[in-house]
Amino acid sequence: MILILTPNIDPESNEYRQLMEHLSSLPNIQTRLHREVGTQQTLTEVYLVGDTTQLSVEDMQSLPGVERVVRVSEEYRVLGRHRNDNRPTFFIYNGLHFGQDSLHVFAGLCAVDTPEHVERMMKALQENGQVCTRMGAYKPRTNPYSFQGHGKSCLPYVFELAGKYGIKVIAMEVTHETHIDEIREALDLTGNPTGIMLQIGTRNTQNFELLKKVGRQQEFPVLLKRGFGITLEESLNAAEYLASEGNRKVIFGLRGMKTNMGDPHRNFVDFAHVPVVKRLTRMPVCIDPSHSVGTRAADPDGILDIMHVTAQGIVAGANMVLVDFHPDPKKALVDGPQALRLEELPYFLEDVRIAREAYEKRVALTREFRENSSS
Ligand code: PEP
Ligand code: MN
């Protein structure tokens, strides 16, 4: 059960004290506080955990300081969509709105290799009106002898170039909690020219200690990739770990499942789950066509499979696209064969626009159909 308190409630006030005293007297109930400090107001929510079936919504609603009560199902308490739950399905980060109603493209390097490639990538993004990118500095590799990413040494020039080219958010994977401190230090050092979305990769979806650490900070939003060999429910619970620790700025990423049933694609594309995640939770949903498909194979019309699955995900309502590009894919140190080329960027973005327009038309069509059939 969630008690949503009156906005800007003062923790020193009498009503707040009375409420907390009452809650602490309830048998077998623990409380967990969540405070969201926004630009306009501070919202406080009290999560009641334990034997909440004995509590009535009406009784709780009448307690001092309580504005609204939501009875949550057991699953995904913070991130889930519950009955009578009108909590927002978006967050704002660095001036950008990330929600179940928006769409952002994060085109960029799978792995940072040279300052020259980073600069060429970001320049192309700016020329095409883009303010988000992906830049891998810490790479989890299957083979211990493969390039592991430049790590913290590349962060200052990546962030400076981001500032130069107007990039507002960089999606960047972290594989260890110390990487968050390294990112924060490099941002401070360079004068905070950009924002970072921490990415938890598919190999770490169930690294619970990492999830707790990343969830405990609220500075950076998080892109959590679905685990490649676990159920959707298990991956959604992993996202809930982040939120239960305090960070609700979470985007859920679909990136394909590891099975040879998906051959010849690198992974079995799972973008049919876009609407499922949006229905079960309040998270925006990201698709990663590059790591799903893994090649530049094309159909007889010349349309790349990567672009087909991107369109499929967007037509189904995806809110973010994470996609590998490289100025010189042959020289890429990681995942060159699946990278799109810079000259393909405007073409790719136009294809995205067409798919998004189709999605919006489908939403309008459905609204019209529902209105007519209910009258
Ligand atoms: C990536 O996005 O660079 C990556 C390694 O993805 P995943 O964790 O989905 O394999
Ligand atoms: Mn990759």
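**Figure 1. Lining of the largest cavity in the predicted model.** The largest cavity is lined by Leu-109, Cys-110, Ala-111, Asp-324, Phe-325, His-326, Ala-332, Val-334, Asp-335, Gly-336 and Ala-339. (On a 1 Å grid over the protein atoms alone, a cavity is a set of points where a 1.4 Å probe fits but cannot get out, and lining residues have an atom within 4 Å of a point.) The space in this cavity amounts to about 40 Å³, a volume being the space filled by probe spheres set on grid points joined across faces, edges and corners. One cavity of 30 Å³ or more is found when the whole structure is searched. Seven nonpolar, two polar and two charged residues make up the lining of the largest cavity (Ala, Val, Leu, Ile, Met, Phe, Trp, Tyr, Cys and Pro count as nonpolar, Asp, Glu, Lys and Arg as charged, and the others, Gly among them, as polar). This is a predicted model in which local features need pLDDT of at least 70 and side-chain atom pairs count only at pLDDT 80 or more, while totals for chains, interfaces and linings use all residues. Residues are numbered from 1 along each chain as its sequence is written, chains are lettered from A and ligands numbered from 1 in the order in which they are written, and side-chain values use heavy atoms, with hydrogens and water left out.

**Figure 2. The largest pocket.** This pocket holds about 810 Å³ of space (a pocket is an open set of grid points with protein on both sides within 12 Å along at least five of seven lines). Among its 29 lining residues, Glu-36, Leu-43, Pro-88, Phe-90 and Phe-91 lie nearest the centre. Two or more lining residues come from each of β2 (29-37), β3 (42-50), β4 (66-70) and β5 (90-93) (strands are DSSP E runs of at least two residues, and helices H or I runs of at least four, numbered from the N terminus). By class, the lining of the largest pocket has twelve nonpolar, nine polar and eight charged residues.

Figure 3. Among the residues around ligand 1 are Cys-110, Glu-173, Gln-199, Arg-255, Asp-288 and His-291 (near means a heavy atom within 4 Å). The shell comprises one nonpolar, four polar and seven charged residues. Oxygen atoms of ligand 1 lie 2.6 Å from a polar side-chain atom of Lys-225, 2.7 Å from a side-chain N or O atom of Arg-134 and 2.8 Å from a polar backbone atom of Thr-202 (a polar contact is a pair of N or O atoms within 3.5 Å).

**Figure 4. Backbone geometry in two loops.** Between β12 (250-254) and α8 (274-280), the loop contains Pro-264, whose peptide bond from Asp-263 is cis with omega near 5°. Asn-28, in the loop between α1 (14-25) and β2, has a positive phi near 55°.

Conventions:
A polar contact is a pair of N or O atoms within 3.5 Å; within protein, one must be able to donate a hydrogen and the other to accept it, and residues adjacent in sequence count only if both atoms are side-chain atoms.
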